[in-house]
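Hi everyone, thanks for coming. I'd like to walk you through a structure that may be new to you, so please take a look at it with me.

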Amino acid sequence: QIKGFVFDLDGVITDTSLYHTKAWRQLAEKLGVTWNKDLEEGLKGISRMDSLELILKTGGKENDYSHDEKVALATEKNTNYVNEIKQMTPANILPGIKDFLDDLRDKGYLISLASASKNAPTVLKQLQLTDYFPKVVDPASLSKGKPDPEIYTKGAELLNLAPEQCIGVEDAEAGIQAINAANETSVGIGSAKTLSAADVRFDDTSQMTLANIEKAMA
Ligand code: G16
Ligand code: MG
């Protein structure tokens with residue numbers, strides 16, 4: 001029986017991917033790496049340093065920078081990103097999410113956050129959703145990022161629940177893989193093409209209700 005929900009943030013609660021994409025694209029083009037849609041999709045859900053490595057690899061530049069130079073590049077991207085998210089307000093919460101969170105809370109489901117983003121607490125604050133997520137996995141505590149199950153395993157542990165009692169919600173392919181590998185039920189938000197591995201899938205957040213999830217799981 002399902003007792004808890006473990007949420008991804010970016011692409012599920014709000015669309016920060018717009019801002020991540022803008023900041024990474026700016027850096028990539030400065031480094032002479034040509035942007036493409038596969039790269040854009042592949043950056044979703046993976047950590048900051050993994051993102052930089054993927055961009056450099058796409059441009060065949062993975063050996064061109066020292067570790068310290070890479071840290072500086074990632075910091076440059078983050079400074080631009082943090083500047084962008086300052087303009088976020090509760091109006092940036094994706095459709096239906098507030099009602100869904102209220103419904104979960106009313107019905108006594110436990111809720112935790114499994115975001116790879118070190119900026120997640122800032123984003124929650126901008127959206128005025130901090131109170132809904134008393135339990136947040138610290139991405140700095142992870143030895144491996146998504147698609148490794150670690151972040152979703154920790155998300156269930158924070159709720160004192162077994163993985164089988166949890167539903168994980170994700171928009172990224174790497175995230176669905178992480179939920180499945182953690183033995184939780186996966187709900188994917190996005191296209192069937194990228195999220196074919198999800199147990200339950202919705203095109204967008206407005207369709208994600210408890211009733212629709214129960215229907216899909218029956
Ligand atoms: C998010 C984004 C990723 C981003 C990662 C790290 O993960 O989807 O694109 O690279 O956070 O973010 P930061 O640089 O802010 O630490 P998630 O798990 O919330 O989708
Ligand atoms: Mg995401």
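Predicted model: local features only at pLDDT ≥ 70, side-chain atom pairs only at ≥ 80, totals over all residues.

Residues are numbered from 1 along each chain as its sequence is written, and chains are lettered from A and ligands numbered from 1 in the order in which they are written.

Let's begin with the core. A residue is called buried if 20 or more other C-beta atoms lie within 10 Å of its own, exposed if 12 or fewer, and partly exposed in between, with C-beta atoms placed from the backbone. A nonpolar core is then a set of buried Ala, Val, Leu, Ile, Met, Phe, Trp, Tyr and Cys residues joined through C-beta atoms within 7 Å. The largest one here has 47 residues, and those with the most contacts inside it are V6, F7, L9, A114, Y152 and V169. As background, nonpolar side chains tend to be buried together in soluble globular proteins.

Take F7 from that list. Leaving out residues up to four places away in sequence, F7 touches V12, I13, I111, L113, A114 and V169. Contact here means that the C-beta atoms of two residues, placed from the backbone, lie within 7 Å.

Now, what surrounds ligand 1? There are 19 residues around it, and the closest are D10, R48, S115, A116 and S117. To be counted as near, a residue needs its C-beta atom, placed from the backbone, within 6 Å of the molecule. This shell divides into 5 nonpolar, 9 polar and 5 charged residues. In that count, Ala, Val, Leu, Ile, Met, Phe, Trp, Tyr, Cys and Pro are nonpolar, Asp, Glu, Lys and Arg are charged, and the others, Gly among them, are polar.

On to the helices. Helices (H or I, at least four residues) and strands (E, at least two) are DSSP runs, numbered from the N terminus. Helix α4 covers residues 67–85, and its 19 residues reach 27 Å from first C-alpha to last, close to the 27 Å expected at 1.5 Å a residue. That expected span is 1.5 Å times one less than the number of residues.

Which residues of α4 are buried? They are K77, Y81 and I85. These cover an arc of only 80 degrees around the axis, which puts them on the same side of α4. The arc is that of the directions from the helix axis to the C-beta atoms. Among the elements covering the buried residues of α4 are α1 (17–30) and α6 (120–127). Turned away from that buried side are the exposed residues D68, E69, A72, T75, T79 and N83.

Helix α5, residues 97–106, has I97, F100 and L101 buried. They lie on the same side of α5, because their arc around the axis is only 95 degrees. On the other side, D99, D102 and D106 are exposed. After α5 comes G108, with a positive phi near 85 degrees.

Next, the loop between β4 (166–170) and α8 (173–181), where we find D171. D171 counts as buried because it has 25 C-beta neighbours inside 10 Å. Beyond four places in sequence, D171 touches D8, G11, V12, K44, I189 and G190. A172 lies in this loop between β4 and α8 too, and A172 is buried, with 27 other C-beta atoms within 10 Å. With neighbours up to four places away left aside, A172 is in contact with G11, K44, G45 and K146.

K146 brings us to a backbone detail: a cis peptide bond joins K146 and P147, with omega about 15 degrees. P147 sits in the loop between β3 (135–136) and α7 (150–158).

Finally, where is N160? It is in the loop between α7 and β4. N160 is not a glycine, yet its phi is positive, about 55 degrees. N160 is exposed, with 11 other C-beta atoms within 10 Å. N183, in the loop between α8 and β5 (185–189), also has a positive phi, near 65 degrees. N183 counts as partly exposed, with 14 C-beta neighbours inside 10 Å.
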